[in-house]
Amino acid sequence: MAVDLLLGLQWGDEGKGKIVDVLTQKYDIIARFQGGPNAGHTLEFNGIKHVLHTIPSGIFHENAINIVGNGVVIDPVIFKKEIDALGKFNLNLKDRLLISRKAHLILPTHRLLDAASEASKGKAKIGSTLKGIGPTYMDKTGRNGLRVGDIELADFETRYRNLTDKHQEMISHYNVEIQYNLSELEAEFFEAIESLKKLQFIDSEEYMHQAIKSGKKILAEGAQGSLLDIDFGTYPFVTSSNTTAAGACTGLGVAPTKIGEVLGIFKAYTTRVGSGPFPTELFDEDGETMGRIGREFGATTGRKRRCGWLDLVALKYAVQVNGVTQLMMMKADVLSGFETLKVCTSYKYNGKEINHLPYNIEEQNVTPIYTEMKGWAKDLTQITDTKELPKELNDYISFLEKELEVPITLVSVGPDRTQTIVR
């Protein structure tokens, strides 16, 4: 049995959490393969809004096993808060939530390093979520990191102290003032470690191998979006992990030959949180309307998202890099009421018109070229059948399918799991 992948195709915030929740009933295992608590996957059902940061989005389905893979970085404190928040739902986390021993741990000093590094950059800051993600991945690649499996070792606290001492020395080299009480932070951290020990730790690559071999249906869940990939995103304004399809192989220990469907999620328009280039960003009433109706605030940071028209050049790039086989369009309802819609179909780059994403898309190098389409006024939030979709929306979908050469198999018309139309 192959592993299907689900990932975002823009700068994150595409609505992955909702779609994983919708699809989970078809799968036996949901496995998160990269990122950390900088992710915010929002699920809404039965009038309740849930935001998950590290725990996979299939956790509310009693028949699904949820795995936090080796490619994920875990903050035990935030993880404990997530678990505590789920307590009132009486979920059997002991049997349904499994954690890879090879997943790296975010220490309190990783967060302090993150804050010191970002503060030292001044106006050149990259818009970090300050969750300690970058420093943790740096320790991982620098072969200094602590992993979940280390918690089970007798000398864990010694290993912890050695790394923390090193971090404190690094913090002292930044020419910034960071106020903190490490003793308080550590007390909270070690309390969370004890909570973490109550869950099952697994050798996840072996677990995945046996699951595939026995015919289990598996969905790998990505975090952030493809344009934030450390290699293929808008560097340096990116995250610290591989958010593209290739990251699922390294983040779970799954062979490339075992990948099945690649489900790409995108918004009907484009958003971005934090710093970085954004060719189609709007600074007018249209952009304000998108943000207001779409409730565009980060699920993790609460930061206001920047909004703009759909960038088809960047989306086509993400489709190609990931080998997407099915597309899912989110927040179509937010575009209701716009008389005219615009789609960026090419760039003017250094005086020439191009159709691919170039090395640098800073505004001084790139000007978006738009194709205009007629909008629709109909409220989509109560629609349950494709036959009820307005002609203009169907035209919009057909145009995108032709340009991207991949079918759009699902359209979301609201935040609730029921507001989902399968095409």
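An unreviewed UniProt entry places the feature "binding site" at Asp13 and Gly40; UniProt positions are given in the numbering used here, feature names are shortened, and annotations may be inferred rather than shown by experiment. The model is predicted, so local features need pLDDT of at least 70 and side-chain atom pairs count only at pLDDT 80 or more, while totals for chains, interfaces and linings use all residues. Residues are numbered from 1 along each chain as its sequence is written, and side-chain values use heavy atoms, with hydrogens and water left out.

Asp13 is found in the loop between strand E1 and helix H1 (16-23). Helices (H or I, at least four residues) and strands (E, at least two) are DSSP runs, numbered from the N terminus. E1 belongs to an open sheet of 10 strands with mixed pairing, in the order E9-E7-E5-E2-E10-E1-E11-E15-E19-E20. Strands E9 (200-202) and E20 (420-422) stand at the edges, each with a single partner strand, so one side of each is left without a neighbour in the sheet. On average, neighbouring strands of this sheet are turned by 25 degrees against each other, direction ignored.

Two strands are taken to pair if DSSP finds at least two bridges between them. E1 (residues 3-8) and E11 (residues 259-267) pair in the parallel sense over 5 bridges, with Leu7 opposite Gly264 in E11. E11 also pairs in the parallel sense with E15 (residues 326-330), over 5 bridges; here Ile265 has Met328 as its bridge partner in E15. E15 in turn runs parallel to E19 (residues 408-412), joined by 3 bridges, and Met329 stands opposite Val411 in E19.

Axes are lines fitted to C-alpha atoms, for helices over the stretch in contact, and angles run from 0 to 180 degrees between N-to-C directions.

The axes of helices H2 (residues 76-86) and H7 (residues 182-196) come within 8 Å and cross at roughly 55 degrees. That makes H2 oblique to H7 (under 35 degrees is roughly parallel, over 145 roughly antiparallel, 65 to 115 roughly perpendicular and the rest oblique). Residues of H2 in this contact include Pro76, Val77 and Phe79, which meet a group in H7 that includes Phe189, Ala192 and Ile193.

Terms used:
Contact = heavy atoms within 4.5 Å.
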